[in-house]
Amino acid sequence: MAAPRSCGLWSYARAMRSYRFPGLRSSWPRSLLSARLLSQEKPAPETHFGFETVSEEEKGGKVYQVFESVAKKYDVMNDMMSLGIHRVWKDLLLRKMHPLPGTQLLDVAGGTGDIAFRFLNYVQAQHQGKQKRKLRAQQNLSWEEIAKKYQNEEDSLGGSRVMVCDINREMLKIGKQKAFDRGYKAGLAWVLGDAEELPFDDDKFDVYTIAFGIRNVTHIDQALQEAHRVLKPGGRFLCLEFSQVNNPLISRLYDLYSFQVIPVLGEVVAGDWKSYQYLVESIRKFPSQEEFKEMIEDAGFQKVTYESLTSGIVAIHSGFKL
Ligand SMILES: COc1cc(O)cc(C/C=C(\C)CC/C=C(\C)CC/C=C(\C)CC/C=C(\C)CC/C=C(\C)CC/C=C(\C)CC/C=C(\C)CC/C=C(\C)CC/C=C(\C)CCC=C(C)C)c1O
Ligand SMILES: C[S@@+](CC[C@H](N)C(=O)[O-])C[C@H]1O[C@@H](n2cnc3c(N)ncnc32)[C@H](O)[C@@H]1O
């Protein structure tokens with residue numbers, strides 16, 4: 001087990017809070033600057049991996065390793081860390097989406113399929129309700145006709161479909177197995193792909209979701225532009241992500257819980273302290289509700305709004321391609 005970072009963690013966490021989103025270095029020391037100018041060599045662009053500064057090239061590989069390592073325990077860890085609250089947040093995302101029949105959803109960083117399965121349940125329940133009302137109105141149908149209407153699986157989704165896209169093979173493997181075990185077949189597809197370079201044509205989807213994914217992407221602005229590109233005009237962007245806690249008392253407790261409990265749970269349950277240390281650090285590095293709203297607007301989305309949930313532990317951002 002890696003050594004827990006307990007000593008000074010509290011002040012470390014607080015210090016890092018004011019160091020959100022580092023961006024470019026604006027003030028290189030003079031000596032370094034002149035050395036760079038002399039050698040004409042461009043500094044490798046840097047970013048962060050949790051609280052660690054890494055080159056942009058390195059980050060993708062490190063994130064890949066994290067999710068490859070946690071994939072098998074991912075779902076159980078989420079229930080344990082949040083006492084099931086992540087399920088409520090994901091249900092709320094679906095309620096906000098309120099997909100109409102025929103909705104084509106792209107769930108990016110879809111991992112083990114939580115958003116996709118909720119989408120299928122939601123559209124199926126809606127469609128069945130509609131069918132029942134229709135059948136009640138057509139009382140002269142034979143029982144064979146009624147049975148046929150219920151049996152057609154594709155039809156039970158009203159033409160809605162979801163495409164899960166994720167960069168990590170292991171996460172997709174667990175997702176596909178879950179889909180098989182739970183009997184999801186129709187209206188569901190899985191594709192390996194990078195949020196920064198989506199393997200889809202322009203103007204293809206009605207809704208784009210990304211839940212707990214965008215925080216891990218190296219170039220968030222690039223991922224947002226890709227979201228905008230693949231959405232149809234009128235399409236909606238929805239992002240569920242960790243955000244900034246606005247109540248100072250909850251914020252203190254949350255910091256304590258995050259830094260003292262979550263990595264321990266990660267070690268005990270998943271045998272992986274480091275990945276869960278990365279999780280809590282990456283949460284602290286993610287922009288606030290307002291900052292992220294601006295980034296979404298910069299990518300071309302309009303009518304951008306957000307809703308903070310559980311005192312801002314997470315937020316759902318929404319925007320439209322108009
Ligand atoms: C590697 O990357 C990842 C891996 C993944 O598996 C997942 C993700 C993506 C993440 C998700 C899909 C969601 C995962 C969820 C979380 C990270 C957790 C979110 C946290 C909460 C919903 C709870 C927030 C907690 C608070 C507001 C503070 C309340 C906390 C306390 C009362 C405990 C305070 C802690 C201490 C004083 C430290 C010492 C305590 C102990 C040793 C006892 C242990 C205590 C517990 C286990 C209590 C747990 C309590 C709760 C969960 C509180 C719930 C209550 C409220 C929400 C108000 C990924 O990227
Ligand atoms: C915390 S999980 C979220 C999974 C799922 N959306 C959920 O809510 O449970 C983060 C996911 O983002 C994926 N991911 C990280 N970087 C990505 C990228 N550049 N493109 C696509 N997926 C990425 C990871 O592989 C992982 O499956």
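1. The model is predicted. An oxygen atom of ligand 1 sits 3.1 Å from a side-chain N or O atom of Arg-215.

2. Several elements contribute two or more residues to the shell around ligand 1: helices H3 (56–70), H4 (74–82), H5 (85–97), H10 (248–270) and H11. The most comes from H10, which supplies seven residues.

3. By class, the shell comprises 20 nonpolar, five polar and one charged residues. Of the 26 residues around ligand 1, those that come nearest are Tyr-74, Asn-78, Arg-215, Tyr-276 and Leu-279.

4. Two further side chains place polar atoms by the ligand. For Asn-78, a polar side-chain atom is 2.8 Å from an oxygen atom of ligand 1. For Tyr-276, an N or O atom of the side chain is 2.8 Å from an oxygen atom of ligand 1.

5. Helix H11 covers residues 273–285, 13 residues in total. Its span from first to last C-alpha is 19 Å, close to the 18 Å expected at 1.5 Å a residue. At its start, a side-chain oxygen of Asp-272 comes within 3.4 Å of the backbone nitrogen of Lys-274.

6. How many residues of H11 are buried? Twelve of the 13 are, so the helix is largely enclosed by the rest of the structure. The buried residues include Tyr-276 and Leu-279, both also among the residues that come nearest to ligand 1. Glu-281, Arg-284 and Lys-285 are buried as well.

Key: Residues are numbered from 1 along each chain as its sequence is written. Chains are lettered from A and ligands numbered from 1 in the order in which they are written. This is a predicted model: local features need pLDDT of at least 70, side-chain atom pairs count only at pLDDT 80 or more; totals for chains, interfaces and linings use all residues. Side-chain values use heavy atoms; hydrogens and water are left out. Helices (H or I, at least four residues) and strands (E, at least two) are DSSP runs, numbered from the N terminus. The expected span of a helix is 1.5 Å times one less than its number of residues. Buried means under 20% relative accessible area, exposed over 50%, partly exposed in between (1.4 Å probe, protein chains only). A polar contact is a pair of N or O atoms within 3.5 Å; within protein, one must be able to donate a hydrogen and the other to accept it, and residues adjacent in sequence count only if both atoms are side-chain atoms. A residue is near a molecule or strand if one of its heavy atoms lies within 4 Å of it. Ala, Val, Leu, Ile, Met, Phe, Trp, Tyr, Cys and Pro count as nonpolar, Asp, Glu, Lys and Arg as charged, and the others, Gly among them, as polar.
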